[in-house]
Amino acid sequence: MPYKERTVEKLYHSIGEVAERLGVNTSLIRYWEKEFGTLRPRRNGKGDRLYTMKDIAQLERIHHLVKEKGFTLNGAKEALRGDAPPPPDRMDELRVRLMAVREALIALAGTEVPPS
């Protein structure tokens, strides 16, 4: 049986590694951490920040919105809130609205589609 090489991925990344990956200063990452309350990296015994891949993905989304798309910080916060699933009570409302749109489209097409 051939030997399969395993790739080992780090669980935590330093703020310097993350800053280099994003092409920004470490101070900007600390600022974003303060502004976007959802970003809370772990800390080691010395107080150094330790970022997981989930944290890095969130920082990449923030970077994309602010630096590439030109969003303000408030605009980026709103856009990131839109990434979250709607609350359960809104799900029922959305389901009803989607069913109404579906029925209207079926009526326009003039065809029968089995209910789902």
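**Exercise 1. Decide whether valine 24 is buried or exposed in this predicted model, and describe its surroundings.**

Solution. 
Step 1. The relative accessibility of valine 24 is 14%. Buried means under 20%, so valine 24 counts as buried.
Step 2. In the chain, valine 24 lies in the loop that links helix H1 (15–22) to helix H2 (26–35).
Step 3. Leaving out residues up to four places away in sequence, valine 24 touches Ala19, Ile29 and His63.
Step 4. Lysine 67 is 43 residues from valine 24 along the chain, and the two C-alpha atoms are separated by 10.0 Å.

**Exercise 2. Determine how H1 and H2 are oriented to each other, and which residues meet.**

Solution. 
Step 1. Two packed helices are described by the angle between their axes and the distance between the axes.
Step 2. For H1 and H2 the angle is about 100° and the axes are 9 Å apart.
Step 3. Angles of 65 to 115 degrees count as roughly perpendicular, so H1 and H2 are roughly perpendicular to each other.
Step 4. H1 contributes Ile15, Gly16, Val18, Ala19 and Leu22, which meet Thr26, Ile29 and Arg30 of H2.
Step 5. By class, this contact of H1 with H2 has five nonpolar, two polar and one charged residues.

**Exercise 3. Carry out the analysis for H2 and H3.**

Solution. 
Step 1. The axes of H2 and H3 cross at roughly 100° and come within 12 Å.
Step 2. H2 is therefore roughly perpendicular to H3.
Step 3. Leu28, Ile29 and Trp32 on the H2 side meet Leu59, Ile62, His63, Val66 and Lys67 on the H3 side.
Step 4. The classes in the contact of H2 with H3 are six nonpolar, one polar and one charged.

**Exercise 4. Find which charged end sits over the ring of phenylalanine 36, and count the aromatic pairs.**

Solution. 
Step 1. The charged end of lysine 77 sits over that ring, 5.9 Å from the centre.
Step 2. With ring centres required to lie within 6.5 Å, the count of aromatic pairs is zero.

Terms used: Residues are numbered from 1 along each chain as its sequence is written. This is a predicted model: local features need pLDDT of at least 70, side-chain atom pairs count only at pLDDT 80 or more; totals for chains, interfaces and linings use all residues. Side-chain values use heavy atoms; hydrogens and water are left out. Helices (H or I, at least four residues) and strands (E, at least two) are DSSP runs, numbered from the N terminus. Buried means under 20% relative accessible area, exposed over 50%, partly exposed in between (1.4 Å probe, protein chains only). Contact means heavy atoms within 4.5 Å. Axes are lines fitted to C-alpha atoms, for helices over the stretch in contact, and angles run from 0 to 180 degrees between N-to-C directions. Angles under 35 degrees count as roughly parallel, over 145 as roughly antiparallel, 65 to 115 as roughly perpendicular and the rest as oblique. Ala, Val, Leu, Ile, Met, Phe, Trp, Tyr, Cys and Pro count as nonpolar, Asp, Glu, Lys and Arg as charged, and the others, Gly among them, as polar. Rings of Phe, Tyr and Trp (its six-membered ring) pair if their centres lie within 6.5 Å; planes under 30 degrees apart count as stacked, over 60 as edge-to-face and the rest as tilted. A charge sits over a ring if NZ of Lys or CZ of Arg is within 6 Å of the ring centre and within 35 degrees of the ring normal.
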